[in-house]
Amino acid sequence: WSYSLEKPNTGSIFGISWSIDGTQLAGACGNGQVIFAHVVEQHWEWKNLEITLIKRRTMKVHNVINDAVDLLEFRDRVIKASLNYGYLVVSTSLQCYVFSTKNWNTPLIFDLKEGTVSLILQAERHFLLVDGGGLYLYSYEGRLISSPKYPGMRTDILNAKTVSLSNDTLAVKDKADEKVIYIFEALSGKPLGDGKPLTHKTEIVEIALDQKGLTSERKVAFIDKNRDLFITSVKRFGKEQKIVKIGTMVQSLAWNDTSNILCGIQDSRFTVWYYPNTVYVDKDLLPKTLYEKDASEFSKNPQIVSFVGNQITIRRADGSLVHLHISPYPAILHGHVSASRWEDGVRLCRFVKDQTLWACLAAMAVANKDMTTAEIAYAAIGEIDKVQYINSIKDLPSKESRLAHMLLFSGNTQEAETLLLQSGLVYQAIQVNINLYNWERALDLAVKHRTHVDTVLAYRQKFLEDFGKKETNQRFLQYAEGVSV
């Protein structure tokens with residue numbers, strides 16, 4: 001789209017060139033002169049603030065609530081700026097300025113090694129500067145926290161889609177191998193966990209880290225080149241974390257700044273995943289925790305610019321901005337749950353009377369092992385089988401078996417079995433495998449722990465009789481000879 005039209009009286013312009021930072025333009029003119037141009041009128045918005053670059057070295061801050069206007073003057077020309085989380089970060093050709101939105105008069109200023117900052121990313125506690133030399137994480141007090149590095153690092157091609165920052169984690173998509181995401185601890189700059197990057201089976205296009213919650217539950221969402229949306233956990237404790245697909249034909253995505261709600265544009269629909277973590281808790285619930293809206297008003301190729309509070313800003317292909325509002329209740333529910341105020345969560349759902357909210361509460365309760373709340377929430381959305389199962393879990397005698405059955409509820413069979421074996425509940429571990437028809441594994445456990453081999457054989461025999469089949473498994477035949485069932 002066209003921003004502006006200038007007709008300088010210098011004859012035809014035969015050659016133009018941008019400066020490396022993309023803020024200045026030089027042109028060779030027909031009458032022998034050289035023309036210089038600067039980009040101004042850039043716009044940044046956050047909550048009630050609107051900031052405009054009115055001259056090369058001057059910004060105007062407009063607070064729309066009380067109509068107050070402040071002018072910010074800089075010593076050199078402004079190259080990049082970012083406004084988020086209550087701070088304005090501005091880089092000029094020599095220095096970096098950090099303003100708090102509460103006080104525009106006294107910015108924090110520090111010098112830059114290179115003046116060519118190509119990207120500024122902000123999180124709640126710190127921000128990232130990317131220039132020709134590397135990645136630098138600074139606190140809002142101007143202290144250098146860390147400078148992560150990875151093999152074959154090229155900073156000139158990094159942009160907001162291929163780098164993502166949260167309070168404790170930094171994720172960068174590799175350029176040499178597009179299937180790989182490098183994940184760093186923000187405070188130390190070292191690779192996270194065992195140092196292995198996250199690898200996907202196809203090339204990745206866009207990545208985004210969620211902003212809230214515990215470090216151990218940090219999630220990264222990414223879109224691959226088939227336009228499928230995946231989510232996975234950043235922390236990998238030895239075992240391979242499942243990468244789960246939660247959307248198809250996704251063009252653009254963004255996490256909320258205050259709670260872990262994800263929004264994206266899918267094909268012809270605008271979708272909000274109110275609690276993406278549901279895929280790890282109860283897969284069947286995921287469709288019930290979504291909000292969908294027709295996206296035809298955004299024309300083709302819209303991009304999500306920001307997702308602040310319950311307002312989403314989308315840029316259409318012609319450059320115009322569209323603002324959308326979503327329900328404020330899921331974010332309030334996230335707040336109650338993160339503070340473990342379950343009763344308030346239930347009260348909120350009863351007040352709003354929305355199935356989507358109940359489904360979110362059910363998934364959150366199961367994730368946090370709060371059975372009472374889970375039972376209420378599942379009953380509210382009519383999932384009677386799950387209510388009965390939760391009731392049967394509550395009646396179990398030991399804490400370990402209750403926990404193991406909670407893991408089974410979420411489909412983590414392996415973890416449930418390990419937990420039961422560690423607690424010495426061998427029979428329960430065998431019974432779990434029998435219930436899942438994992439006959440081989442049940443027999444393995446029985447033989448290994450020298451107990452209940454006859455029980456496994458009896459269950460197997462009954463199972464075969466019910467279906468009118470004969471035993472063909474050699475191992476079962478072998479053990480059946482030595483044991484009378």
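**Reading helix pairs, a sheet and confidence**

Modeller: Start with a helix pair: α9 crosses α11 in a right-handed sense. This is a predicted model, in which local features need pLDDT of at least 70, side-chain atom pairs count only at pLDDT 80 or more, and totals for chains, interfaces and linings use all residues. Residues are numbered from 1 along each chain as its sequence is written, and side-chain values use heavy atoms, with hydrogens and water left out.

Colleague: At what angle do the axes of α9 and α11 cross?

Modeller: Helices (H or I, at least four residues) and strands (E, at least two) are DSSP runs, numbered from the N terminus. Axes are lines fitted to C-alpha atoms, for helices over the stretch in contact, with angles from 0 to 180 degrees between N-to-C directions. Here α9 (residues 426–435) and α11 (residues 453–466) cross at roughly 15°, their axes coming within 11 Å. The two are therefore roughly parallel (under 35 degrees). Right-handed means that the near helix is turned clockwise from the far one by less than a right angle.

Colleague: Which residues make the contact of α9 with α11?

Modeller: Contact means heavy atoms within 4.5 Å. Helix α9 supplies Y427, I430, Q431 and I434, and α11 supplies T455, V456 and Y459. By class, 5 are nonpolar, 2 polar and none charged. Nonpolar covers Ala, Val, Leu, Ile, Met, Phe, Trp, Tyr, Cys and Pro; charged covers Asp, Glu, Lys and Arg; the others, Gly among them, are polar.

Colleague: Now α5 and α6: how do their axes cross?

Modeller: At roughly 160°, within 9 Å, for α5 (residues 371–380) and α6 (residues 384–394). They are therefore roughly antiparallel (over 145 degrees). This crossing is left-handed, with the near helix turned anticlockwise. M371, T372, A374, E375, Y378 and A379 of α5 touch K386, V387, I390, N391 and K394 of α6. That contact has 6 nonpolar, 2 polar and 3 charged residues.

Colleague: What is the strand order in the open sheet?

Modeller: Strands pair if DSSP finds at least two bridges between them. This sheet has 3 strands, ordered β1-β2-β3, with antiparallel pairing. β1 (13–18) and β3 (34–38) are edge strands with a single partner each, so one side of each lacks a neighbour in the sheet. Neighbouring strands are turned by 20° on average, direction ignored. Strand β2 (residues 24–29) and antiparallel β3 share 5 bridges. G27 faces I35 in β3.

Colleague: Which element has the lowest mean pLDDT?

Modeller: pLDDT is the predictor's confidence in each residue, from 0 to 100. Helix α12 (residues 474–482) is lowest at 81, and strand β6 (residues 58–63) highest at 97. The protein chain averages 91, and 99% of residues score at least 70.

Notes:
Angles under 35 degrees count as roughly parallel, over 145 as roughly antiparallel, 65 to 115 as roughly perpendicular and the rest as oblique.
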